[in-house]
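Please read each point with the structure in view.

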Amino acid sequence: MNIARLAMKRPVTTMMFFISLVVVGLISSQKLPLEYFPELDAPFIAVNVPYQGSAPKEIEREITRPVEEALSTVHGVKQIFSETRADNAQIFMIFDWGVDLAIKVAEVRERVENTRSEMPADVRRINVFKFSTADDPILRVRLSSSDDNFDLRGQYNKLQRLVKRPLERVSGIARVDLSGVAPEEVHIDLRPERVASHSVDINALAQMLQSENFSMSGGLINHGDMRLRVQPEGEFRTLEQIGDLIVTDAGVRLRDIADVRFQPQELDYRRILDGNYAVGIDVFKERGANLVETGRAVRTEVERINTSGDLGDLHLILFNDRAEGVKSSLRELFNSGLLGMG
């Protein structure tokens, strides 16, 4: 007996079967996660060690080689290669497919931390990254000005306050990265004639600045039922405090021999949009968050920022919206289902 004849003899059973399939499909459509690509952890691990103000040869000798030697003993690594620049060292590791990356990342981080004693003392951060399709940005935003003479490089704090933090508060967003703009840093420009006239030792001055700007833990003091944490702080808070630093026994201050000011960090790249200087904003969602709902909330927030007028002549432009790509695929699937039913 074929299926068609069975269905015609038992119409109620057949109808209930198809209704059950429709109900199961509707429930599944609400429960299944929506992603642009299937989640895939690539067997790659990258280690990045930022170190400003040095030469590539020095960074290779003091950072890259010790880290490479430590990581070469990690079990299961197939290939290691590195790239050393004037401002950082990058080590890239390749493993076999199927390896547990969570365990390998922890092992790599431990090996790198063990090499800190061989690195320069002023190395602050060591970044360890693994690669996954779920870690790609769900939305890219570009910010530009219609004024050709408007310089965005000094707008980091404004963009942090008006763009980055509001987007980070959107439900389902893990982080928001800014590119093409950098925070300000303190620049101390020495005046050679003043330095020479006051006989200031440059090396001693550099060591003094490092020793005067500190924050460290002083331990704990137990007093009865109370436990007090001691933390001496000697960090500079303002430019005036830096300028008032006495640099010689004769009472010469730093502002007498140098210009102290805030200045945006130097970038080795630049973003251009329609011929104008631009800033990139990459939005990343939390793992497990609904891509379509999160993307819709981010678009709403971007529209609010654009219409608020707080950015003045600056305007946010959306690129590579993965939520729109998923919705387009769902529409195509729905249309195909309708054609199949017809």
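1. A residue is called buried under 20% relative accessible area, exposed over 50%, and partly exposed in between, with a 1.4 Å probe and protein chains only. V23 is therefore partly exposed, at 42% relative accessibility. V23 belongs to helix α2 (residues 11-31); helices (H or I, at least four residues) and strands (E, at least two) are DSSP runs numbered from the N terminus.

2. The model is predicted: local features need pLDDT of at least 70 and side-chain atom pairs pLDDT 80 or more, while totals for chains, interfaces and linings use all residues. Residues are numbered from 1 along each chain as its sequence is written, and side-chain values use heavy atoms, leaving out hydrogens and water.

3. In the protein chain there are eleven helices and 13 strands. Of its 342 residues, 32% are buried.

4. A salt bridge is a side-chain nitrogen of Lys or Arg within 4 Å of a carboxyl oxygen of Asp or Glu. The whole structure holds 14 salt bridges. One of them joins E107 to K104 (3.7 Å, N to O). These two residues are about one helical turn apart, because they stand three residues from each other in helix α4 (residues 101-113). Both E107 and K104 are buried, and a network of salt bridges links K104, E107 and R111.

5. Another salt bridge is formed by D282 and R142 (3.8 Å, N to O). This pair connects distant parts of the chain, 140 residues apart: D282 is in strand β12 (residues 276-285) and R142 in strand β5 (residues 139-145). D282 is buried at a relative accessible area of 13%, and R142 is buried at 14%.

6. In helix α10 (residues 291-308), E301 and R304 are three residues apart. Their salt bridge brings the closest N and O atoms to 2.7 Å. E301 is buried, with a relative accessible area of 16%, whereas R304 is partly exposed at 39%.

7. Leaving aside neighbours within four places in sequence, K164 is in contact (heavy atoms within 4.5 Å) with L159, V176 and L178.
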